[in-house]
2 protein chains.
Amino acid sequence: MNAQPSGYYAVIFTSKRAAGNEEEYARVSESMDTLAAEQPGFIGIDTGRSADGVGVTVSYWETAEDVARWKAIAEHDWAQQRGRDVYYEWYHVRVAHVERAYKFEKSTGGNEQ
Amino acid sequence: MNAQPSGYYAVIFTSKRAAGNEEEYARVSESMDTLAAEQPGFIGIDTGRSADGVGVTVSYWETAEDVARWKAIAEHDWAQQRGRDVYYEWYHVRVAHVERAYKFEKSTGGNEQ
């Protein structure tokens, strides 16, 4: 695998969806992603959600200050408040510092580290 | 949200599935999860994969040594080798140190940090 830049931050959001409000949730979730992408220090976001309702979203940020700023915005956002009551059975948030990163892409077939 | 223990490690595996081999992939993926859970220092694992084939799996480990040991096992595993060629268009691996963690659960309704 190819070594990649590290030293940035990952916010790992794992959750279990509560039943219902599918369209509203999709709309709010997309608007939150858009809002995140507009913030300083935003690098990117990856999301997967399985049929059992468990989802993992990881957003990447340049610095700890960028993470703190985004956390404050997200917590005061309407979606966050409504999320606790309506959208989720539970969610966990983990703020982590990326120490090492590697990637594999079929087109390059790289095997270096 | 309730403050949670931190100081452990998260291995963030994001990937894009290549088409095909669905049953084989499901079987190999499950056996890799089982193998991970048998290793020293394993804390847990969360996975979500969306309909577009993008998936995010995060495994949690007590120490950096536990992560390194698991990485060596996974890289030499058949599934890993075959994964590069057959299962994935691309994948990224990020090793991150969890600095802060919070959780919300509907049953407790906690709002502390």
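These legends accompany several close-up views of a predicted model with chains A and B.

**A note before the views.** In this predicted model, local features need pLDDT of at least 70 and side-chain atom pairs count only at pLDDT 80 or more, while totals for chains, interfaces and linings use all residues. Residues are numbered from 1 along each chain as its sequence is written, chains are lettered from A and ligands numbered from 1 in the order in which they are written, and side-chain values use heavy atoms, with hydrogens and water left out.

**View 1. Chain A as a whole.** Let us start with the overall layout. Chain A holds 3 helices and 5 strands, where helices (H or I, at least four residues) and strands (E, at least two) are DSSP runs numbered from the N terminus. Along the sequence, their order is β-β-α-β-β-α-α-β. Taken along the principal axes, the C-alpha atoms of chain A fill a box of roughly 45 × 35 × 20 Å. For the model, ipTM is 0.87 and pTM is 0.89.

View 2. Strand 3 (residues 42-49) and strand 4 (residues 54-61) of chain A run antiparallel and are joined by 7 bridges; two strands pair if DSSP finds at least two bridges between them. Here you can find Ile45(A) opposite Ser59(A) of strand 4. The hairpin has 4 residues between its strands, and Gly53(A) in the turn has a positive phi of about 90°.

**View 3. The hairpin of strands 3 and 4 in chain B.** In chain B, 7 bridges link strand 3 (residues 42-49) with strand 4 (residues 54-61), and the two run antiparallel. Gly48(B) has Val56(B) of strand 4 as its bridge partner. With 4 residues between the strands, this hairpin includes Gly53(B), whose positive phi is near 90°.

View 4. Asp66(A) and Arg69(A) form a salt bridge, their closest N and O atoms being 3.1 Å apart. The rule asks for a side-chain nitrogen of Lys or Arg within 4 Å of a carboxyl oxygen of Asp or Glu. Both residues lie in helix 2 of chain A, 3 residues apart, or about one turn of the helix. Over all chains, the count comes to 6 salt bridges.

**View 5. The interface of chain A and chain B.** Contact (heavy atoms within 4.5 Å) brings together 44 residues of chain A and 44 residues of chain B. The buried area, meaning the accessible area (1.4 Å probe) that two parts lose on being put together, summed over both, is about 3800 Å², with carbon and sulfur atoms giving 52%. In chain A, Arg84(A), Phe104(A) and Lys106(A) lose the most area to chain B, together 16% of what that side buries. How many salt bridges cross this interface? The rule finds 0 between chain A and chain B.

**View 6. Strand 5 meets strand 5.** Strand 5 of chain A and strand 5 (residues 88-105) of chain B run antiparallel, joined by 15 bridges. Look for Glu105(A), whose bridge partner in strand 5 of chain B is Trp90(B).
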